[in-house]
Amino acid sequence: MYVAKENRYEQMQYLRCGKSGIMMPRVALGLWHNFGSVDQYDNMKKILFEAFDHGITHFDLANNYGPVYGSAEENFGRIMESDLRRYRDELLISTKAGYDMWPGPYGNFGSRKYLMSSLDQSLSRMKLDYVDIFYHHRPDPDTPLEETMGALSDIVRQGKALYVGISNYQDEDARKAARLLRANGTPLLIHQPRYNMFDRWIEDGLQEVLEEEGVGSIVFSPLAQGVLTDKYLNGIPEGSRATRNHFLKGENITPELLEKVKKLNKIADGRGQTLAQMALAWVLRNNKVTTVLIGASRAEQILDNVKIVNHLQFDEGELQMIEEILQNK
Ligand SMILES: NC(=O)c1ccc[n+]([C@@H]2O[C@H](COP(=O)([O-])OP(=O)(O)OC[C@H]3O[C@@H](n4cnc5c(N)ncnc54)[C@H](OP(=O)(O)O)[C@@H]3O)[C@@H](O)[C@H]2O)c1
């Protein structure tokens, strides 16, 4: 039986999520990859325990994480039962619905019908009475936002989620969602967009909206799925994500991209960090982002990544050099 390390809260820093009562760990762990029915169960346990032992109190899931769909939640539920149940009140667990999950018109997008039934299924797979955060996973162009946000608010009132979030919403839709939820008496806790050195769209408006509305942010793929590490510098290693699934293809890792990665790696070296650490610290550099949401295929990656909390600062010169590489000047 797993027993968490006593000093776990000394290893992490926490930041308030928007204008809420929730303190988020600066590093959180997502179960998108490496927790499906195709993956090694013992490895999942190692990753989760390493994370919690280092003060990562937040685990992020979604109905369709796997493959197969639902299997990451099922595996997490097994580990919840066997080892993590007694730490439930120390954990923030999230799940989502919004992408395709089951056949027919009620297993996708943003209807009240889909969100309500999907969360019931997720709770049963994860062996939980409630999640801490329930997200609408992506905007739905056809369902009225009032219906989707109304469903999120009712889910909080039912006690099935403590807080709600949205993911992949553009700035003005995020503002509308925040206002609707506030009017319903169930404020928007958090937004989950993609953000990393190579994908900076949230700097063009979304961050400002979140600041104005008092909403926190947890950003996914902060390592660009592993490209912002040193692992692809000498080719594509067997077993890496670029060899394992269709979200990151080997052909996406172009010579031009690798050229930038090499230069960034040198700067990281000069800071006494791995590139992964520098890429994560850069995302958190000005406290506009509450939390980086990492993935990991091995427990050692967690160890590497959590060390950033001891070195989040950049001097102006470093930021300038990074900017020049990213802008390709
Ligand atoms: N809301 C959404 O629409 C959405 C979309 C995508 C993801 N997410 C969430 O965000 C989470 C993280 O996304 P992500 O997995 O793409 O994040 P990421 O942190 O950018 O990539 C994680 C991958 O990078 C590699 N890695 C991590 N640490 C490393 C290190 N120290 N050294 C070398 N390689 C390292 C591993 O790849 P290898 O397998 O190659 O070792 C790992 O699986 C997901 O689990 C999910 O919870 C949400």
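Good morning. Of the 29 residues around the ligand, those that come nearest are Gly-30, Trp-32, Phe-220, Gly-226 and Gly-295, a residue being near if its C-beta atom, placed from the backbone, lies within 6 Å of the molecule. The model is a predicted one, in which local features need pLDDT of at least 70 and side-chain atom pairs count only at pLDDT 80 or more, while totals for chains, interfaces and linings use all residues. Residues are numbered from 1 along each chain as its sequence is written.

Two elements, β10 (291-294) and α10 (299-306), each give two or more residues to this shell, and α10 gives the most, with 3. Helices here are DSSP runs of H or I with at least four residues, and strands are runs of E with at least two, numbered from the N terminus.

Let me turn to the barrel. It is closed, has 8 strands in the order β3-β4-β5-β6-β7-β8-β9-β10, and its pairing is parallel; strands pair if DSSP finds at least two bridges between them. Within it, 4 bridges join β5 (residues 92-97) to β6 (residues 131-136), and Lys-96 has Tyr-135 of β6 as its bridge partner. Helix α3 packs on the sheet and touches β5 and β6, contact meaning C-beta atoms, placed from the backbone, within 7 Å.

Which residues of α3 and α4 make the contact between these helices? The axes of α3 (residues 112-126) and α4 (residues 145-157) come within 9 Å and cross at roughly 30°; axes are lines fitted to C-alpha atoms over the stretch in contact, with angles from 0 to 180 degrees between N-to-C directions. The contact is made by Arg-112, Leu-115, Met-116 and Leu-119 of α3, with Glu-147, Thr-148, Gly-150, Ala-151 and Ile-155 of α4. Thank you.

Key. Contact = placed C-beta atoms within 7 Å.
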